[in-house]
Amino acid sequence: MQKYFCFLSLLLLVAGIGTTPVTKASDSLKVISTAGIRAEEENAGLKLPPGFVALKVAENVGRARHIAVTAQGDIYVKLMGRVAEGKGILRLRDTNGDGKAEEITGLGNYGGTGLVINNGYLYASSDAEVFRYQLNDKGEVINPSQPEKIITGLINRRQHESKSVTLDKLGNIYVNIGAFSNSCQEQDRTPGSKGRMPCPVLDSAGGIWQFRADKLNQTYGDGIRYATGLRNVVGLDWNNQSDQLYVMQHGRDDLHRLFPDVYSEQDNAEIPAETMYALNKGDDAGWPYIYYDPAQHKKILAPEYGGDGKKEAGKDAIDPAVVFPAHLAPNALLFYTGDQFPAKYKNGAFVAFHGSWNRAPLPQEGYSVAFVPFENGKPTGKWEIFADGFSGLEVVTGTRGAQHRPSGLAQGPDGSLYVSDDQKGTIYRIIYKGK
Amino acid sequence: MKRISGSIALIAALMSFQHLPKKTGPTKSGKSTVLITESIERGKIIYLQKCLSCHQVDGGGVPHLNAPLDGASAVVGNDKAKIIRIVLNGMTDRVEIDGEYYSNNMAPHKDLTNRQIADVLTYVRNSWTNKASAVTAAEVKAVRAKNK
């Protein structure tokens, strides 16, 4: 009965999409018609709020990390890891208006995570450098084989090595340089090893660096350490309302395995929160000396630095703007400025959770896209799950079993939300069709 | 409700740990089978404390981060010295296993006894879909003696 009902609603939804009026050509830069686009049965496996539907734009494209959509609706996808020659960045194009990408072309010979479109340029990163490509008025890369290398020589020690990027309105680009460490122990991830004081990792990593977007071959000396004490940030976005950088930190791992006398397995699974910060220049978020305990609502001294789970610390460290459960691994942050979704989503934040592994032996969590309402550039309410079901499992006991892992977010010109998956290489499109 | 069903599934997954093979290949006598089974039982306790957090309940590791143990050719292969050295020294290199790279740091475990390392490796070589010969304390001792 329930299945039958689902099928009926799906038919209604598809019918609803079919009746969306076709927009005039003159509007095409701003609004892309969804006529002809079909949501998939069971919304491509996603659980969505009422009125939303989803489809897979593409599958098996590779380890899809950050994504961006041009004004014409083309999707650029940054691939991670080893990439085939000329396939470090993919361009997905829907040539017949059915919502599926029929034409996939590539450029770039480097794997990486960061990718963003800003002011006529496509910016993309490897794990050590940032490049940019000028776009023509159709949103196409003009010279795919000759990008401008704007930043080089960033530290990559194979841990938290992704370099994510976003830009402000003044021509500055912000790059995350993740800490090549869990908690700055003398011996990384080793039980009983003490925290280094002061933590030398922070000189070249564990923060956000600011560079100019239009200057070539910049490295550490040319940039500014804009904010420090951030263990690893993969998702970040500029909030145009507060004119401020927001970032999502991946909190620390292994409280129980490293300090079994202080923390239980459940403590490890639930305490070290994933945190959203609103950053101003010079801010310190406190890593590695503290973590944020969501039950106590406090910054707690890390056990590597003498903490016992109760002692507070980090007086000069900023407080999080939003607190999420531990270990969910926020890999993308997007402020939604479109008009397609209901009013409550306008200017709010979407967060893509890659999904946990460090909650073991408790079940893994995440593998979802969350939403946080914002007003005037500040969070105003509780976060909620927006899209779930990416793992394809009722319960994820081991991370390897998760079918899809959200890793990138982008907003289409019509206000659709796109989600990338770096496990199976699926690109999802979520559309609001009304109730 | 979801939590409860989650916990049940988790318990089920943990219980499946108990499903240990009675044999690990040809054995000469019933006595050696018992010895291997005991080694596996002891090794499981060490796995839960020291290994599970990264290598996971299902031995599957974490894609691109923590190496899988279940089904990994190096884990069930004949080069036991190699996996003994990894347990002793940990791992700070990017390592390729069966065509995929894994890069998270692994702590050294020199503090474990030869017996404990033999037990945990015997457990890992005989859990999930793995079936391979036991690792002995004597083999660990020999590798440790030559270890840097």
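**Core, interface and loops**

Modeller: Leaving out neighbours within four places in sequence, B:Ile84 is in contact with B:Leu121, B:Val135, B:Glu139, B:Val140 and B:Val143; contact means heavy atoms within 4.5 Å. This is a predicted model: local features need pLDDT of at least 70, side-chain atom pairs count only at pLDDT 80 or more, and totals for chains, interfaces and linings use all residues. Residues are numbered from 1 along each chain as its sequence is written, chains are lettered from A and ligands numbered from 1 in the order in which they are written, and side-chain values use heavy atoms, with hydrogens and water left out.

Biologist: Which residues have the most contacts inside the largest nonpolar core?

Modeller: They are B:Tyr47, B:Ile84, B:Ile117 and B:Leu121, in a core of 28 residues. A nonpolar core is a set of buried Ala, Val, Leu, Ile, Met, Phe, Trp, Tyr and Cys residues joined through side-chain atoms within 4.5 Å. Buried means under 20% relative accessible area, exposed over 50%, and partly exposed in between, with a 1.4 Å probe and protein chains only.

Biologist: And which elements give two or more residues to this core?

Modeller: In chain B, helix 2 (30-55), helix 4 (80-89), helix 5 (114-125) and helix 6 (137-146) do. Helices (H or I, at least four residues) and strands (E, at least two) are DSSP runs, numbered from the N terminus. Another core, of 27 residues, lies apart from it and includes A:Val116, A:Tyr121, A:Ile150 and A:Val165.

Biologist: How many helices and strands are there in chain B?

Modeller: Six helices and two strands, in the order α-α-α-α-β-β-α-α along the sequence. Of the 148 residues of chain B, 47% count as buried.

Biologist: New topic. How much area do chain A and chain B bury between them?

Modeller: About 2,700 Å², 50% of it on carbon and sulfur atoms. Buried area is the accessible area (1.4 Å probe) that two parts lose on being put together, summed over both. In chain A, the residues that lose the most area to chain B are A:Arg158, A:Trp357 and A:Arg400, together 26% of what that side buries. The contact takes 30 residues from chain A and 36 residues from chain B.

Biologist: How many salt bridges does the rule find across it?

Modeller: Two. A salt bridge is a side-chain nitrogen of Lys or Arg within 4 Å of a carboxyl oxygen of Asp or Glu. B:Asp70 forms one with A:Arg400, where the closest N and O atoms are 3.2 Å apart.

Biologist: What does B:Asn66 touch?

Modeller: Not counting residues up to four places away in sequence, B:Asn66 touches A:Trp357, B:Cys54, B:Gly61, B:Tyr102 and B:Asn104. B:Asn66 lies in the loop between helix 2 and helix 3 (73-76) of chain B.

Biologist: Why does B:Asn66 count as buried?

Modeller: Because its relative accessibility is 4%.

Biologist: Last topic, the backbone. Where is the peptide bond from A:Trp287 to A:Pro288 on the omega scale, cis or trans?

Modeller: That bond is cis, with omega near 0 degrees. A:Pro288 is in the loop between strand 17 (283-284) and strand 18 (290-293) of chain A. The bond from A:Ala360 to A:Pro361 is also cis, with omega near 10 degrees.

Biologist: What about the phi of A:His160?

Modeller: A:His160 is not a glycine, yet has a positive phi of about 50 degrees. A:His160 counts as buried because its relative accessibility is 15%.
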